[in-house]
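Trainee: I have a few questions about this one, if you have a moment. Could we go through it together?
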Amino acid sequence: MTNTTGIIYFNSSPEPYEIFSYHADTVGGTRRDFRMRIGAGNSFQNNNVKWTKTNVEHVKRSLYKKELEIPAEGWRAFFVQAIFPRDKSEQHLVFTSEIHIIPDTFPCPNCKGDGCRGTLV
């Protein structure tokens with residue numbers, strides 16, 4: 001990660017049949033939440049997060065790169081997905097990188113010690 005971008009390098013041998021990235025931005029700058037729906041008791045509400053599929057740069061043999069700008073507000077999440085064909089099968093093997101969230105910050109300060117108790121959302 002740089003001061004203005006986040007980067008994922010994806011190294012793969014053999015070369016994938018297809019490779020691309022998905023990214024999404026949070027709605028506003030108060031929640032680091034990339035779910036499309038949010039549970040609320042026994043119901044749910046839509047969260048206007050939109051995941052977008054984009055191309056990945058082929059740097060050199062077996063090495064791919066996805067670089068995205070840090071958003072002006074909130075957070076951006078992205079990952080790389082690679083698809084490999086299987087021999088004598090109609091199904092493909094699909095692998096993804098870990099998700100990368102930029103900037104590497106949280107909407108609340110760190111909490112330490114006995115006074116820190118939270119609830120699982």
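Trainee: At what residue does phenylalanine 79 stand, buried or exposed?

Mentor: This is a predicted model, and in it phenylalanine 79 counts as buried, because its relative accessibility is 18%, and buried means under 20%.

Trainee: And how many aromatic pairs are there overall?

Mentor: The count comes to five aromatic pairs. One of them joins tryptophan 51 and phenylalanine 79 in a tilted arrangement, with 5.9 Å centre to centre and 55° between the planes.

Trainee: Where do tryptophan 51 and phenylalanine 79 lie?

Mentor: Tryptophan 51 is in the loop between strand S4 (43-46) and strand S5 (52-54), whereas phenylalanine 79 belongs to strand S8 (residues 76-85), so the pair ties together parts that are 28 residues apart in sequence. Tryptophan 51 is partly exposed, with a relative accessible area of 28%.

Trainee: What about phenylalanine 84 and phenylalanine 95, how is that pair arranged?

Mentor: Phenylalanine 84 and phenylalanine 95 are edge-to-face, at 5.8 Å centre to centre and with 75° between the planes. Since phenylalanine 84 lies in strand S8 and phenylalanine 95 in strand S9 (residues 92-96), this pair ties together parts that are 11 residues apart in sequence. Phenylalanine 84 counts as buried at 11% relative accessibility, while phenylalanine 95 is partly exposed at 46%.

Trainee: Which residues do ring pairs link into a cluster?

Mentor: The cluster consists of Phe20, Tyr22, Phe34, Trp51 and Phe79, linked by ring pairs. Phenylalanine 20 also has a charge over its ring, for the charged end of lysine 53 sits there, 4.0 Å from the ring centre.

Trainee: Changing topic, what makes up the largest nonpolar core?

Mentor: That core has 11 residues in all, namely Ile8, Phe10, Ile19, Val56, Tyr64, Leu68, Phe78, Val80, Ala82, Phe84 and Ile102. Two or more residues each are given by strand S1 (5-11), strand S7 (63-69) and S8, and the largest share, four residues, comes from S8. Apart from this core lies another one of six residues, among them Ala24, Phe34, Val49 and Trp75.

Trainee: And which residues does valine 80 touch?

Mentor: Leaving aside residues up to four places away in sequence, valine 80 touches Ile8, Phe10, Ile19, Phe20, Ser21, Val56, Lys66, Phe95, Thr96 and Ser97.

Trainee: In what sense do S6 and S7 pair?

Mentor: Strand S6 (residues 57-60) and S7 pair in the antiparallel sense, over three bridges, and lysine 60 stands opposite leucine 63 in S7. S6 and S7 form a hairpin with two residues between them, and serine 62 in the turn has a positive phi of about 70°.

Note on methods
Residues are numbered from 1 along each chain as its sequence is written. This is a predicted model: local features need pLDDT of at least 70, side-chain atom pairs count only at pLDDT 80 or more; totals for chains, interfaces and linings use all residues. Side-chain values use heavy atoms; hydrogens and water are left out. Rings of Phe, Tyr and Trp (its six-membered ring) pair if their centres lie within 6.5 Å; planes under 30 degrees apart count as stacked, over 60 as edge-to-face and the rest as tilted. Buried means under 20% relative accessible area, exposed over 50%, partly exposed in between (1.4 Å probe, protein chains only). A charge sits over a ring if NZ of Lys or CZ of Arg is within 6 Å of the ring centre and within 35 degrees of the ring normal. A nonpolar core is a set of buried Ala, Val, Leu, Ile, Met, Phe, Trp, Tyr and Cys residues joined through side-chain atoms within 4.5 Å. Contact means heavy atoms within 4.5 Å. Two strands pair if DSSP finds at least two bridges between them.
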